[in-house]
Amino acid sequence: MLNSLTLLLEKVFFLTHLNAFRPSLLFSDTDRAREKKRVTHHCENEGWRERVPDTSAGAALPESIYQRGDLLEVPRTLFTHFGIYLGDNRVAHLIPDILPLFTTDKRSIQVMVTNTRLVLGVLSKSASIRVDTVEDFAYGASILLNAMDTTVQKRPFDGEEIASRAEKLVGKIPYSLLWNNCEHFVTYCRYGIAISIQTDKFCDWLKSVIRDHRSVPLTAFLGILSVVYLGMSSYTAIPTLLIPFTLWMAG
């Protein structure tokens, strides 16, 4: 029962972040691969911004832009994606990927994770902590640097300690959209506590829905519809009665 409830919450969390009109979803994987070549990186440090040179011509990224242990943040498909900079243009990040379920070819798996592979990885709960280039990590988006430092009320570890913690975790890892995602990974490495602000916001939203008594008649109506279309059975009758009652008492 608990596993079913957790799975339901994860799917709701996934759907509440789904935006069919988001540009990243409208691009094909080929278009996005081209788009990543024009990636622009932004560095925020004490109120100023610096643009990183375009890397499409093969120029190396200036080492001074990112420091070992920096927390990098990019918008990726449905969510904000996070990683830890390791140095030498490498980023460690926890990313869902469906491909390892179908092949053991390391060369194929190491190719940049497309949006399709990522979304299917979320749904199949298949993920790993892997190391990619900054360009592959960003996937065509602008990078926000250490932005979480102003949100998390905890001092970051030393950069070397942060990067070392990330490197020790590289490899396949159990994945949960709510309880073990990329944000949990980077906050554990950088601050010593595994938290997800995105998950917290979703839980706050869910609480507001539960406390809103207007959700009671809606769930009751949906339950009645399920009984009408699927027939009277324990699978339809119990949720029809139990869910509205639980929402009413919780509110």
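Which residues of α8 are buried?

What we have here is a predicted model, in which local features need pLDDT of at least 70 and side-chain atom pairs count only at pLDDT 80 or more, while totals for chains, interfaces and linings use all residues. Residues are numbered from 1 along each chain as its sequence is written, and side-chain values use heavy atoms, with hydrogens and water left out.

Let me begin with confidence, where pLDDT is the predictor's confidence in each residue, on a scale from 0 to 100. The protein chain has an average pLDDT of 74, and 61% of the residues score at least 70. Among its elements, helix α2 (residues 23-26) has the lowest mean pLDDT, 35, whereas α7 has the highest, 98. Over residues 4-61 the pLDDT stays under 50, and for this stretch the model has 107 contacts beyond four places in sequence, a contact being heavy atoms within 4.5 Å.

As for the overall make-up, the protein chain contains eleven helices and eight strands; these are DSSP runs numbered from the N terminus, with helices being H or I over at least four residues and strands being E over at least two. Of the 251 residues, 39% count as buried, and here buried means under 20% relative accessible area, exposed means over 50%, and partly exposed lies in between, using a 1.4 Å probe and protein chains only. If we take the contacts with a separation of 6 or more, 66% of them come from residues 24 or more positions apart.

Now to the opening question: the buried residues of α8 are Cys-182, Glu-183, His-184, Phe-185, Val-186, Thr-187, Cys-189, Arg-190 and Tyr-191. Because nine of its ten residues are buried, α8 is largely enclosed by the rest of the structure. At the N-terminal end, α8 is capped by Asn-181, which places a side-chain oxygen 2.9 Å from the backbone nitrogen of Glu-183. After α8 comes Gly-192, with a positive phi near 85°.

In one of them, the side chains of Asp-149 and Arg-190 meet, with N and O 2.8 Å apart. This pair links distant parts of the chain, since Asp-149 sits in the loop between β7 (144-145) and α7 (159-168) while Arg-190 is in helix α8 (residues 182-191), 41 residues away. Are the two partners buried or partly exposed? Asp-149 is partly exposed at 27% relative accessibility, whereas Arg-190 is buried at 7%.

Elsewhere, Asp-97 forms a salt bridge with Arg-130, and their closest N and O atoms are 4.0 Å apart. These partners also come from distant parts of the chain, with Asp-97 in the loop between β5 (90-96) and α4 (106-110) and Arg-130 in strand β6 (residues 127-133), 33 residues apart. Asp-97 is buried, with a relative accessible area of 3%, and Arg-130 is buried at 6%. Arg-130 also meets Asp-132 in a salt bridge, at 2.8 Å from N to O, and Asp-132 is buried as well. Finally, Asp-97, Arg-117, Arg-130 and Asp-132 are linked in a network of salt bridges.

Definitions and conventions
A polar contact is a pair of N or O atoms within 3.5 Å; within protein, one must be able to donate a hydrogen and the other to accept it, and residues adjacent in sequence count only if both atoms are side-chain atoms.
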